[in-house]
Amino acid sequence: MDIEKEVKKITLGHEIGAGAPCLKCKDKCEGFELHFWRKICRNCKCGIEDHDVQLQTEENQKVGRLFEDTKYTGLIAKLKKDGVPSYRGSQVTISVTIPAISTAVPVPAVATAATVGPAITSTQGAPSGPSAPTPVAPVAPSASSAPTPGAPHAPTTAHPSAASVAATAIPAAMPAKTNVVKAVTYEWAPPGVNQSLALRYMELLPPERRPIAGTQGADYRKKQMAKQLPEHDQDPARCHELTPAEVKQMEQYVRKYKDEALGMGDLTLPEEMGTTTGPAGARGPQAGAAGAPGAGSASGDKAAVGKAGVPAGPGGVGSGLAGNYSCHHCQKLMQQGDPAVYAERAGYDKLWHPACFVCCTCNELLVDMIYFWKKGQLYCGRHYGDSEKPRCGGCDELIFSNEYTQAEGQNWHLKHFCCFDCDCVLAGETYVMENDKPVCKPCYMKNHAVHCVACQKPIEPEAQRVSYGEHHWHAEPECFRCAGCSKCLMGQRFMALQGKLLCSVECKKKVLA
């Protein structure tokens with residue numbers, strides 16, 4: 001029965017995205033077909049994230065499994081369990097108010113001599129209020145401000161006195177346009193915070209990294225979700241033919257990072273860090289304290305965030321507590337009112353700008369603020385795994401066996417050091433590295449070898465050759481010779497013209513004649 005479940009799981013895994021077009025290769029790819037152990041498309045060699053596949057459900061379940069059974073404080077509340085744990089990281093629509101430019105007509109300067117009477121408020125449909133209007137004094141030309149959203153207002157009419165009849169007519173003020181409310185859908189937004197704080201967080205990210213549905217930012221998040229959090233780093237069932245001993249080692253590895261490294265960033269306002277509650281009721285840095293975690297700490301230990309905890313000067317709104325916290329990544333001061341990211345495992349004395357919450361290895365934004373904390377550094381899931389175990393260059397899985405091979409600066413499962421084109425085992429065979437992937441000699445000659453301009457034959461990988469621009473020749477007298485007099489040009493001066501080799505001006509004239 002268990003074997004049937006595993007077979008079904010593998011079958012369903014290969015059905016995900018089957019036939020989906022490749023967004024990179026376009027018509028060159030016949031449709032997504034998952035390689036049985038390489039985690040890429042068999043047809044075009046691109047990943048599933050490069051194909052037009054909707055992975056939101058799979059992504060949510062992946063993150064749910066990642067945090068399942070974790071002891072990290074506060075994360076269980078961000079999961080929901082419907083059989084399979086699922087992450088509540090679905091789309092969020094935020095309403096954004098765009099201020100409109102006023103269209104009120106300014107009062108001309110030539111009309112300032114006129115006496116303007118008090119404004120008369122129309123009583124038709126107007127709400128009750130004070131009956132004594134305020135006289136309007138002559139003013140210089142200026143743009144009127146937009147009405148307060150939600151506040152009742154009615155059009156007003158200015159009535160000049162009799163003495164102003166001969167004066168230049170005053171244009172009637174036109175009502176300003178109302179603010180435009182636009183709904184923006186994000187593929188993900190920080191959970192557990194109000195919309196205004198989440199929106200400000202998004203604004204502090206680079207525009208091309210904001211996960212707005214249907215944009216470059218949403219595509220970036222999709223690719224980083226696949227790259228930073230590979231499923232085969234957390235689930236033995238997603239790996240290729242692990243032995244029972246390897247499964248046990250992987251389970252221990254997963255248990256270790258869940259207990260010691262895994263976390264999810266949270267948003268806070270730096271000026272409110274004094275009220276942030278930690279895992280055991282501990283509070284973040286307090287105003288007047290030395291910046292160390294803990295409420296009212298008198299230990300005098302200095303935090304690793306510059307001037308954290310130094311009280312602001314009198315009346316210093318811009319120099320308040322927020323301005324005394326510096327980003328742990330860029331060391332620049334935090335701005336009051338701007339959200340900052342903190343990581344519970346790093347301690348409450350460390351804050352990051354939203355755009356600075358990145359992996360220390362690849363320097364990419366940590367997708368959905370999911371981090372792995374190790375030795376004072378933030379890692380994405382992939383590079384945390386690389387810091388713990390060797391990774392196979394063939395299947396992209398971490399290697400849990402004691403025996404593996406090293407070649408071309410990479411690590412490989414013994415069974416996965418294969419030709420990237422035909423999957424034949426390369427142990428003891430001649431191979432060529434193409435784009436950091438090993439290729440057997442027959443596949444190289446068929447798919448990758450350059451051709452000699454003279455004899456039109458592919459040049460073998462071990463053969464000497466001469467290259468000039470996009471043209472290549474066998475480094476042999478019968479191929480690398482003058483097109484005019486057939487003189488061997490090995491070690492000689494030459495000129496190339498339309499792919500033809502020439503030894504002199506005379507031969508050039510002869511060939512072009």
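Strands are DSSP runs of E of at least two residues, numbered from the N terminus. In this predicted model, Glu 408 lies in the loop between two such strands, β12 (405–407) and β13 (410–412). Its relative accessibility is 47%. Glu 408 therefore counts as partly exposed, because that class falls between the buried limit of under 20% and the exposed limit of over 50%.

Leaving aside residues up to four places away in sequence, Glu 408 touches Tyr 431 and Met 433. With Tyr 431 there is also a polar contact, made side chain to side chain at 3.2 Å. Asp 436 is 28 residues from Glu 408 along the chain. The C-alpha atoms of Glu 408 and Asp 436 are separated by 8.0 Å.

A sheet was examined elsewhere in the chain. It is open and holds three strands, in the order β7-β10-β11. The pairing is antiparallel. β7 (262–264) and β11 (377–379) form the edges, each pairing on one side only. From one strand to the next, the twist averages 45°. Three bridges join β7 to β10 (residues 370–374) in the antiparallel sense. Within this pair, Gly 263 has Tyr 371 of β10 as its bridge partner.

The whole protein chain contains eight helices and 19 strands. Of its 513 residues, 38% are buried. Among contacts in the chain with a separation of 6 or more, 50% join residues 24 or more positions apart. The chain exposes about 28700 Å². Carbon and sulfur atoms supply 53% of that area.

Definitions and conventions: Residues are numbered from 1 along each chain as its sequence is written. This is a predicted model: local features need pLDDT of at least 70, side-chain atom pairs count only at pLDDT 80 or more; totals for chains, interfaces and linings use all residues. Side-chain values use heavy atoms; hydrogens and water are left out. Helices (H or I, at least four residues) and strands (E, at least two) are DSSP runs, numbered from the N terminus. Buried means under 20% relative accessible area, exposed over 50%, partly exposed in between (1.4 Å probe, protein chains only). Contact means heavy atoms within 4.5 Å. A polar contact is a pair of N or O atoms within 3.5 Å; within protein, one must be able to donate a hydrogen and the other to accept it, and residues adjacent in sequence count only if both atoms are side-chain atoms. Accessible areas come from the Shrake-Rupley method with a 1.4 Å probe; for residues, only the protein chains shown count as cover. Two strands pair if DSSP finds at least two bridges between them. Axes are lines fitted to C-alpha atoms, for helices over the stretch in contact, and angles run from 0 to 180 degrees between N-to-C directions.
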